[in-house]
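Subject: Structure handover

Hello,

Here is the structure I promised to pass on. Please open it and keep it beside this email as you read.

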Amino acid sequence: MNQSNNFFGQHLFSQVTRLCTRSILNPVFQGIKANRYYKKLKCYEHLMGMLYCVLSGCTTLREIEAGLAVADGKLRHLGLDYVPPRSTLSDGNKKRSSDVFKSVYEHLYKTYKPSLSDSTLPKAILQKLFLLDSTVFGLFKAILKTSGRHSMNGKKKGGIKKNTVIEGLTLMPSFIEFNAAADNDQQVFKALKLPSGSFVVFDKGYNNYRQFAAFNASDITFITRQKENAVFKSLTECLHDNSSANEILKEEIIEVNYTNETGQSCTLKLRRIAWWDEAGQRAYEFITNDFELDATIIAQLYRYRWQIELFFKKLKQNFPLQYFVGDNQNAIEIQIWCSLIALLLTSVLHSQHKSKMAFSVFITVLRLHLFNYIALADLLQFYEQKRYKRRKKSSVPELFSSA
């Protein structure tokens with residue numbers, strides 16, 4: 001694109017971060033007193049430095065400092081007066097709590113949540129649907145305990161686990177908790193708060209009958225898969241005619257035993273659904289505490305759980321987290337939170353412009369032209385025009401007409 005024809009008053013980085021300006025974030029910083037005890041590196045400068053890190057793909061603090069220093073004359077669009085030295089950034093990543101960036105993400109998510117609801121599924125269900133899963137980021141040193149066997153030389157790297165709940169309507173996280181990679185997934189239930197009447201879908205790694213009873217008491221519907229070694233008693237059974245693909249094979253009401261918090265033995269009634277997957281040529285067994293919804297809808301809701309796996313892929317593919325610019329847990333959590341903030345902002349822009357450009361291509365273009373003065377709308381329009389010309393050129397003309 002010729003700069004003389006497509007010049008814009010703000011560079012692309014500024015167009016992305018205008019969704020999180022000082023005026024938008026100052027109420028957050030003031031509410032939690034995030035700038036207390038910090039004379040030079042204020043929260044906003046710290047955030048801009050880390051957003052540049054994740055958007056540009058920097059892997060060290062030296063790269064962040066050098067990249068911003070070269071663009072010194074362009075920082076006024078970001079509201080920055082100076083380039084934070086790498087030592088100052090290192091101290092900030094170590095001492096400033098990652099909860100500050102968590103608050104920033106939560107504020108931005110609440111602000112731009114309406115811009116992200118573009119699913120074709122019924123909103124009546126999606127507004128109450130939550131998807132729960134976890135993913136692990138490998139670390140370069142033994143900061144947090146990881147699972148698995150030790151290597152041949154006896155050394156073992158650490159890993160941080162991110163338990164995530166995404167909303168079905170926006171497909172963006174509304175709850176995140178960090179743990180060591182070796183920690184059990186079920187620990188997340190201690191901090192998880194879901195509204196009454198909601199649906200939560202998770203895989204069988206989170207199965208806990210005591211927690212299922214707590215869901216019943218809170219009027220929360222859960223859907224998950226049954227473990228292969230589960231012990232249960234079948235109370236009623238209803239067979240279905242499997243005359244076509246992807247059909248329900250069987251429904252039954254089962255009873256399971258568990259021990260409550262006081263050590264007493266209790267029973268719990270659940271609904272068990274056997275569903276045949278034609279593509280995979282295998283059967284799946286789902287369990288839920290909902291006894292009214294159609295069994296096909298239950299199966300479809302669990303299949304929708306795959307959206308959280310796609311979210312993890314989207315995060316790791318476009319904002320690689322193989323390299324961290326800090327060697328402590330707080331710095332690692334800050335970098336992950338900033339990656340989530342960057343993902344949220346770019347997803348909002350991608351959705352607002354209704355771009356047909358693949359999201360991965362969109363992020364790559366931003367990364368390559370981060371400080372170029374090009375209007376984002378013109379950039380996307382230019383891509384669509386090029387794409388249309390290629391498609392038109394590749395089409396084969398009709399040589400012979402029918403008689």
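Below is what turned up, starting with the aromatic rings.

Please bear in mind that this is a predicted model.

**Aromatic pairs**

The structure holds 22 aromatic pairs. Take phenylalanine 13 and phenylalanine 371. Their ring centres are 5.8 Å apart and their planes stand at 90 degrees, so this pair is edge-to-face. Phenylalanine 13 belongs to helix 2 (residues 12-17), while phenylalanine 371 sits in the loop between helix 13 (359-368) and helix 14 (376-394), so the pair ties together parts 358 residues apart in sequence. Both phenylalanine 13 and phenylalanine 371 are buried.

Tyrosine 105 and tyrosine 109 make a stacked pair, with 6.1 Å from centre to centre and 10 degrees between the planes. Both are in helix 7 (residues 99-112). They are four residues apart, about one turn of the helix. Tyrosine 105 has a relative accessible area of 2%, so it is buried. Tyrosine 109 is buried too, at 5%.

There is also a cluster. Ring pairs link its members, which are Phe189, Phe202, Tyr206, Tyr209, Phe212, Phe215 and Phe222.

**Charges over rings**

Look at arginine 96. Its charged end sits over the ring of tyrosine 38, 3.9 Å from the ring centre. Arginine 282 lies over the face of tyrosine 284, at 4.3 Å from the centre of that ring.

**One serine**

Is serine 339 buried or exposed? Its relative accessibility is 0%, and buried means under 20%, so serine 339 counts as buried. Serine 339 is part of helix 12 (residues 329-352). Beyond its neighbours within four places in sequence, serine 339 contacts Val54, Leu315, Phe319 and Leu321.

Best wishes

Methods. Residues numbered from 1 in each chain as written. Predicted model: local features only at pLDDT ≥ 70, side-chain atom pairs only at ≥ 80, totals over all residues. Heavy atoms only, no water. Helix = DSSP H or I, 4+ residues; strand = E, 2+ residues; numbered from the N terminus. Buried < 20%, exposed > 50% of the residue type's maximum accessible area, 1.4 Å probe, protein only. Contact = heavy atoms within 4.5 Å. Phe/Tyr/Trp six-rings, centres within 6.5 Å; stacked < 30°, edge-to-face > 60°. Lys NZ or Arg CZ within 6 Å of the ring centre and 35° of its normal.
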